[in-house]
Amino acid sequence: MMNQRLLPRTELGEMMTPAYVLDESALRRNLKILLDVQQRSGCKILLAQKAFSMFAVYPMISEYLAGTTASGLYEARLGHEEFGAGDVHVFSPAYKENEICDIAKYADHIVFNSFAQLRKLRGYCKGKSLGIRINPECSTQDEPIYDPCAPDSRLGVTLANFDEAEFEGVDGIHFHTLCEQGFEPLAKTVEAVEQKFGKYLHKCKWVNFGGGHHITKTGYDIEGLLSLIKRFSEKYGVQVYLEPGEAVVLNAGWLVAEVMEIVHNGIEIAILDTSAACHMPDVLEMPYRPPLFNSGHPGEKRYTYRLSSRTCLAGDIIGDYSFDEPLKEGDRLCFEDMALYTMVKNNTFNGMPLPDIGILRSSYELVKRFGYEDFKGRLS
Ligand SMILES: *Cc1c(COP(=O)(O)O)cnc(C)c1O
């Protein structure tokens, strides 16, 4: 008998593992918050597909959000194909000449990272609303890998590099400087943007505040956000866009895995049928210790285990966790907040099978199962 106390929902004990399971009701809860922000502030919110591209639920998301944003051709095409009639925005640090024509088929808003790219490629974008990404040089966080305002950043045009003549005919300004942040850092960033680029904001039709807003997290200052957006759009006469990824699916999915074996070597080590390196790469890249349902920190509960993977990489360790009862083979574990930056980043290193993708409605529904052909198909 598997330990039911380790499952937030009994349905998660029944399907095959590993599996990413989207919680439809949690997604809807987030979407309602984002719809409310749009209705009360007049802004438009786009899904940043970089964080989450489970297109099976795009029809549902499209009931609440205004469209999608893409990091390049493939995401733009996916948004165009799967999101219904919504806006398709795209930003990439650099576009290839042979991509931009296709991008222009799918996207309606195209944002450039430099005036050189704009100059070179704007001729291919007839009829599109063009934007330029700026760098307000206003750091509000300490993680350089997530800070586009860090020194020597390649992302966005600084005020010193702003080409006023080339800006002629451009509709919008885009900035993206936040990552998992509250309202205060946004307010500080907007202040820097207005102070440095105010003159250009007056010429815009739209301004995109990027992503990284933790709007759906408990405690986010939504009223502050609403009044900032209203003031800003009135002052400059612009449409404000937000393009969160994480906030759309925050706490809206699990990665369900199974204990395959317990190894004793100084400590107790559980080998799972999943992998940090393959199925939740941010655990090793950020790095962070993912939340796990009904578990504690090491030593907090009676039985402590190192949760590890079944790849050959020694460092493929998810983290140390404690439990009320000993783990045993066949137990299911539910890693939490696993909808974002997981499916879009996974890989088949070590020949690892990819997790199923499923959705929990009133019951569990399998959306997609992968196989050997997905492993072989990206090699030759
Ligand atoms: C990553 C990214 C987003 C989404 O960021 P989240 O942290 O997932 O909200 C939005 N816009 C741009 C340009 C990005 O690079």
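Histidine 174 has a relative accessibility of 1% in this predicted model, and it therefore counts as buried, since the limit for that class is under 20%. The residue is found in strand β7, which covers residues 172-174. Leaving aside neighbours within four places in sequence, histidine 174 is in contact with Val111, Ile132, Arg133, Ile134, Asn208, Gly210 and Glu243. One of these contacts, Glu243, leads on to the ligand: Glu243 is listed among the closest residues around the ligand.

In total, 13 residues surround the ligand, and the closest are Lys50, Gly212, Glu243, Gly245 and Tyr341. Some of the approaches can be followed atom by atom. An oxygen atom of the ligand is 2.8 Å from a polar backbone atom of glycine 212. A polar backbone atom of glutamate 246 is 2.9 Å from an oxygen atom of the ligand. With tyrosine 341 the side chain takes part: one of its N or O atoms is 2.6 Å from a ligand oxygen.

The volume of the largest cavity is about 40 Å³. Its lining consists of Asn3, Arg5, Leu6, Asn294, Phe323, Asp324 and Glu325. Three of these lining residues are charged, two are polar and two are nonpolar.

Another residue to look at is glutamine 239, which lies in strand β9, residues 239-242. How does its exposure class follow from its accessible area? The relative accessible area of glutamine 239 is 24%, so the residue is partly exposed; this class runs between the buried limit of 20% and the exposed limit of 50%. Not counting residues up to four places away in sequence, glutamine 239 touches Gly42, Cys43, Lys44, Lys205, Trp206 and Val207. Tryptophan 206, one of these contacts, is 33 residues away along the chain, yet the C-alpha atoms of glutamine 239 and tryptophan 206 are separated by 4.4 Å.

Conventions:
Residues numbered from 1 in each chain as written. Predicted model: local features only at pLDDT ≥ 70, side-chain atom pairs only at ≥ 80, totals over all residues. Heavy atoms only, no water. 1 Å grid on protein atoms, 1.4 Å probe; cavity = no way out; pocket = protein on both sides within 12 Å on 5 of 7 lines; lining within 4 Å. Points joined across faces, edges and corners; volume = space filled by probe spheres on them. Nonpolar A, V, L, I, M, F, W, Y, C, P; charged D, E, K, R; others polar. Helix = DSSP H or I, 4+ residues; strand = E, 2+ residues; numbered from the N terminus. Buried < 20%, exposed > 50% of the residue type's maximum accessible area, 1.4 Å probe, protein only. Contact = heavy atoms within 4.5 Å. Near = heavy atom within 4 Å. Polar contact = N/O pair within 3.5 Å; in protein donor to acceptor, adjacent residues only side chain to side chain.
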